[in-house]
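This report describes how the parts of one protein chain pack together. Look at the sequence and the structure first, then read on.

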Amino acid sequence: MDDDVERAASARTGSPFLNTAQASHYIGLSRRTLEKMRTQGTGPRFRKHGRYVRYHISDLDEWSRGGGRDSTSGNGQKDQRL
């Protein structure tokens, strides 16, 4: 657990651009899930640096905040408090 916190903090102090593996670790999803979300257009915003996919930390944070929910039932109304 402490290792996860340290890795997340390390990611924040280094380059703000993360590769897919780093981004998936940062938001707590598997790399494969993040790749699927990218092809489906449902994941966080990403950029192409040449042939490499990169995620900006602020885009990951923004995407995460946008997924706030009050309930698991129904159509999942977004949390408007954020």
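Asp59 lies in helix 4. Here helices (H or I, at least four residues) and strands (E, at least two) are DSSP runs, numbered from the N terminus. The model is predicted, so local features need pLDDT of at least 70, side-chain atom pairs count only at pLDDT 80 or more, and totals for chains, interfaces and linings use all residues. Residues are numbered from 1 along each chain as its sequence is written, and side-chain values use heavy atoms, with hydrogens and water left out.

Asp59 is buried, with a relative accessible area of 10%. Buried means under 20% relative accessible area, exposed means over 50%, and partly exposed is in between (1.4 Å probe, protein chains only). Apart from its neighbours within four places in sequence, Asp59 is in contact with Pro44, Arg45 and Arg47; contact means heavy atoms within 4.5 Å.

## The chain as a whole

The chain has four helices and three strands. Their order from the N terminus on is α-β-α-α-β-β-α. Of the 82 residues in the chain, 27% are buried. Among contacts with a separation of 6 or more, 38% are between residues 24 or more positions apart.

## Helix 2 and its two partners

Helix 2 covers residues 20-27 and helix 4 covers residues 57-66. The table gives the axis values for two helix pairs.

| Pair | Axes come within | Crossing angle |
|---|---|---|
| helix 2 and helix 4 | 11 Å | roughly 40° |
| helix 2 and helix 3 | 8 Å | roughly 105° |

Axes are lines fitted to C-alpha atoms, for helices over the stretch in contact, and angles run from 0 to 180 degrees between N-to-C directions. Angles under 35 degrees count as roughly parallel, over 145 as roughly antiparallel, 65 to 115 as roughly perpendicular and the rest as oblique.

With a crossing of roughly 105°, helix 2 is roughly perpendicular to helix 3. On the helix 2 side, Thr20, Ala21, Ala23, Ser24 and Ile27 take part, and they meet Arg31, Leu34, Glu35 and Arg38 in helix 3. By class, these residues are four nonpolar, two polar and three charged. Ala, Val, Leu, Ile, Met, Phe, Trp, Tyr, Cys and Pro count as nonpolar, Asp, Glu, Lys and Arg as charged, and the others, Gly among them, as polar.

The other pair crosses at roughly 40°, and that makes helix 2 oblique to helix 4. Ala23, Tyr26 and Ile27 of helix 2 touch Ile57, Leu60, Asp61 and Trp63 of helix 4. This contact has six nonpolar, no polar and one charged residues.

## The two sides of helix 3

Which residues of helix 3 are buried? In this helix (residues 31-40), they are Leu34, Glu35 and Met37. Seen down the helix axis, the buried residues of helix 3 fall within an arc of 160°, so they line one face of the helix. The arc is that of the directions from the helix axis to the C-beta atoms. These buried residues pack against helix 2, strand 3 (52-56) and helix 4. Arg32, Thr39 and Gln40 are exposed on the other side of helix 3.

Arg38 also belongs to helix 3 and is partly exposed, with a relative accessible area of 21%. Leaving aside neighbours within four places in sequence, Arg38 is in contact with Thr20, Phe46, Val53 and Tyr55. Arg38 and Val53 are 15 residues apart in sequence, and their C-alpha atoms are 10.0 Å apart in space. Just after helix 3, Gly41 has a positive phi of about 75°.
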